[in-house]
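Please keep the sequence and the 3D view at hand while reading.

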Amino acid sequence: MLRIMKYLSKAEIGQMLIALVTIVGQVYFDLKLPDYMSDITTLVETPGSHMKDIWIAGGKMLLISLGSAACAIITGYIAARVAASFTQRLRSLEFRKVESFGPAEMSKFSTASLITRSTNDVTQVQGLVTMGLRIMCYAPIIGIGGTIMALSKSVSMAWVIALAVVLILGLICTISAIAMPRFKIMQQLVDKLNLVSREILTGIMPIRAFSREAFEEKRFDRANTDLMKTQLFTNRTMVAMMPFMTLIMNGTSLLIVWFGGKAMDLGNMQVGEMIAFITYTMQIVMSFLMLSMVAVMLPRAGVAADRIDEVIK
């Protein structure tokens, strides 16, 4: 996948650096929100608090939310722009390279495969660049920052975060080990389907002349069914991740409330701190969930990128 990044222009690299700055800004705003939520909760439960102080904290929280939303919009715009520009260049490079192919190169790459490489494969790369620029930078930063902020609230409950992270990593590794081999062969099945479709459409007159319609229909059905079964298997496997992820998130919240309640009885923690700790923990869990989404796309996009680079170089 990294080999194909050499086709990025200097302007696109500059835009990616700008997006990185906005991502850092978004992470900063997102990490500040639980602090203001904790302050508001503390003010509400503290006797003698003034409504003015609550309104001020709420206003700051609203401004922080608007700042986070603005950074997210800018990052999304830049990511989409870079991905579209980059993949447009890849298609152009592929097209110009194919125009120079002789009989030897055409026999190495079938027409159906070249069509897939310039359409479906490029789309896979575009999706990864769009998602990767937004998530692969955001998720690690928010995960590390969330861990630091959560530990600043309560070091004694760090084991809850560690348990959640271990369970999530185990879940991601298990599902990835099951689904990844199927992702890697999916592009080959798309090639096969395109090849069969093209052969049928090109030879439609001889097929009708020799009454081969039934045979060709069965041939197309086999290719189509193989691709369908592979896609169903991978999609069902990845969908199974969400219920388990929800169970881990809810179980983590339950543990925090349970042991946080005991800490409040002992006077070691306040309600606002517990709420902030829960929010930071959810941010950590969501960062791993976002990385798992990229991990799903990465193998297929990596195969697609290698196939594109094989044509261009």
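In this predicted model, helix H5 has a kink of about 40 degrees, centred on Gly132. H5 covers residues 120–153, 34 residues in total. From first C-alpha to last, H5 reaches 47 Å, close to the 50 Å expected at 1.5 Å a residue.

**Packing of H2 with H5**

- Helix H2, residues 51–99, packs against H5 at an angle of about 155 degrees, and the two axes lie 9 Å apart.
- Because angles over 145 degrees count as roughly antiparallel, H2 is roughly antiparallel to H5.
- The crossing of these two helices, H2 and H5, is right-handed.
- H2 contributes Thr75, Gly76, Ala79, Val82, Ala83, Ala84, Phe86, Thr87, Leu90, Arg91 and Glu94 to the contact.
- H5 contributes Val122, Val125, Gln126, Val129, Thr130, Leu133 and Arg134 to the contact with H2.
- By class, the residues of the H2 contact with H5 comprise 10 nonpolar, five polar and three charged.

**Packing of H4 with H10**

- Helix H4 (residues 111–118) packs against helix H10 (residues 271–312) at about 115 degrees, with a distance of 9 Å between their axes.
- This angle makes H4 roughly perpendicular to H10.
- H4 crosses H10 in a left-handed sense.
- On the H4 side, Ser113, Leu114, Thr116 and Arg117 take part, and they meet Arg307, Ile308, Glu310 and Val311 of H10.
- Three nonpolar, two polar and three charged residues form the contact of H4 with H10.

How values were computed:
Residues numbered from 1 in each chain as written. Predicted model: local features only at pLDDT ≥ 70, side-chain atom pairs only at ≥ 80, totals over all residues. Heavy atoms only, no water. Helix = DSSP H or I, 4+ residues; strand = E, 2+ residues; numbered from the N terminus. Expected span 1.5 Å × (residues − 1). Bend = angle between axes of the 7 residues up to and from the residue. Axes fitted to C-alpha atoms, helices over the stretch in contact; angles between N-to-C directions. Parallel < 35°, antiparallel > 145°, perpendicular 65-115°, else oblique. Left-handed = near helix turned anticlockwise from the far one by under 90°. Contact = heavy atoms within 4.5 Å. Nonpolar A, V, L, I, M, F, W, Y, C, P; charged D, E, K, R; others polar.
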